[in-house]
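Walk through this structure with the coordinates open.

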Amino acid sequence: VVKHASVGGQPCNVAQNQLMEVKPCGEGSCDVVKDCEDGVWGQWGGWSDCTKSCRGGFRLAHRRVAKEANQCGKPAEGVATKIESCNDGIHCSGSVDCELTEWTRWSDCDKPCSGVRERSRGIKVHPKDGGVPCGSQEKATSLSEMEHCPPEPGTTCDNPPPEGCKFGIWSEWSDCSATCDGGQMSRSWKVL
């Protein structure tokens, strides 16, 4: 992500499995082969353990290319890792959720329209025994807020419209997994 959304802009929303792509490479012949053989994915491995026992987490499953395509075959295409949520509906017994303090008063503005003002809050109660953490979707993550100073009474501000999220460029392609008879290489977006 090159630029996060400004106040009022559209935030980034990227699913985990959209951050990497795979493409064929090394498709030249190692040996002269008469019959084309396509690349084949291996079986999906079992799901990993859920990252949380209650209040939701995630788990992963992986697979590898079991057979590379030969010179005239098509490489295996698709994702090598999949992700899903788990234990979403399980309530943690005896858990204590994060609790935040009230917001402080906005700071004074020294420059109407072009200046900024801020306010903050703290963590009143830290989570324990599987309680909802302060950085979860169920609890607001920000401990401070900043905004443009409002105009003085009877005036207006000429502020630019809010900007949405902007993604960076793809990383460089990885090295090819084979120099001939078909291989794969991948690249990904780096989320900052």
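Start at Trp 103, which is partly exposed, because its relative accessible area of 23% falls between the 20% limit for buried and the 50% limit for exposed. Keep in mind that this is a predicted model. Trp 103 sits in the loop between β6 (99-100) and β7 (116-120). Which residues does Trp 103 contact, once neighbours within four places in sequence are left aside? One set is Arg 119, Ser 120 and Arg 121; the other is Ser 142, Leu 143, Ser 144 and Glu 145. Take Glu 145 from that list. It lies 42 residues from Trp 103 along the chain, yet the two C-alpha atoms are separated by 9.2 Å.

Now turn to the cysteines. How many disulfides does the structure hold? It holds three.

Take Cys 36 and Cys 72. Their disulfide has an S to S distance of 1.9 Å. The torsion about the S-S bond is about -125°, so this disulfide is left-handed. Cys 36 lies in the loop between β1 (20-25) and β2 (40-41), and Cys 72 in the loop between β4 (65-67) and β5 (81-86), so the pair ties together parts that are 36 residues apart in sequence. Cys 36 has 48% relative accessibility and counts as partly exposed. Cys 72, at 35%, is partly exposed too.

Next comes the bond from Cys 50 to Cys 86, with an S to S distance of 2.0 Å. Here the torsion is about 95°, so the disulfide is right-handed. Cys 50 lies in the loop between β2 and β3 (57-62), while Cys 86 is in strand β5; the pair therefore ties together parts 36 residues apart in sequence. Cys 50 is partly exposed, with a relative accessible area of 24%. Cys 86 is buried, because its 9% is under the 20% cut-off.

The remaining pair is Cys 109 and Cys 149. Their sulfur atoms are 2.2 Å apart. With a torsion of about -100°, this disulfide is left-handed. Cys 109 lies in the loop between β6 and β7, and Cys 149 in the loop between β9 (144-148) and β10 (183-188), so the pair ties together parts that are 40 residues apart in sequence. Recall that the loop between β6 and β7 also holds Trp 103. Cys 109 is partly exposed at 33%. Cys 149 is buried at 2% relative accessibility.

Stay with Cys 149 and look at what surrounds it. Setting aside neighbours within four places in sequence, its contacts are Cys 109, Lys 111, Pro 112, Cys 113, Gly 115, Val 116, Arg 117 and Cys 157. Lys 111 is 38 residues from Cys 149 along the chain, but their C-alpha atoms are separated by 7.0 Å.

What does the side chain of Arg 117 make a polar contact with? The partner is the side chain of Glu 147, at 2.6 Å. Arg 117 touches both Cys 109 and Cys 149, the two cysteines that form a disulfide. Not counting residues up to four places away in sequence, Arg 117 also touches Trp 106, Ser 107, Glu 145, Met 146, Glu 147 and Pro 150.

How values were computed. Residues are numbered from 1 along each chain as its sequence is written. This is a predicted model: local features need pLDDT of at least 70, side-chain atom pairs count only at pLDDT 80 or more; totals for chains, interfaces and linings use all residues. Side-chain values use heavy atoms; hydrogens and water are left out. Helices (H or I, at least four residues) and strands (E, at least two) are DSSP runs, numbered from the N terminus. Buried means under 20% relative accessible area, exposed over 50%, partly exposed in between (1.4 Å probe, protein chains only). Contact means heavy atoms within 4.5 Å. A disulfide is a pair of cysteine sulfur atoms within 2.5 Å. A polar contact is a pair of N or O atoms within 3.5 Å; within protein, one must be able to donate a hydrogen and the other to accept it, and residues adjacent in sequence count only if both atoms are side-chain atoms.
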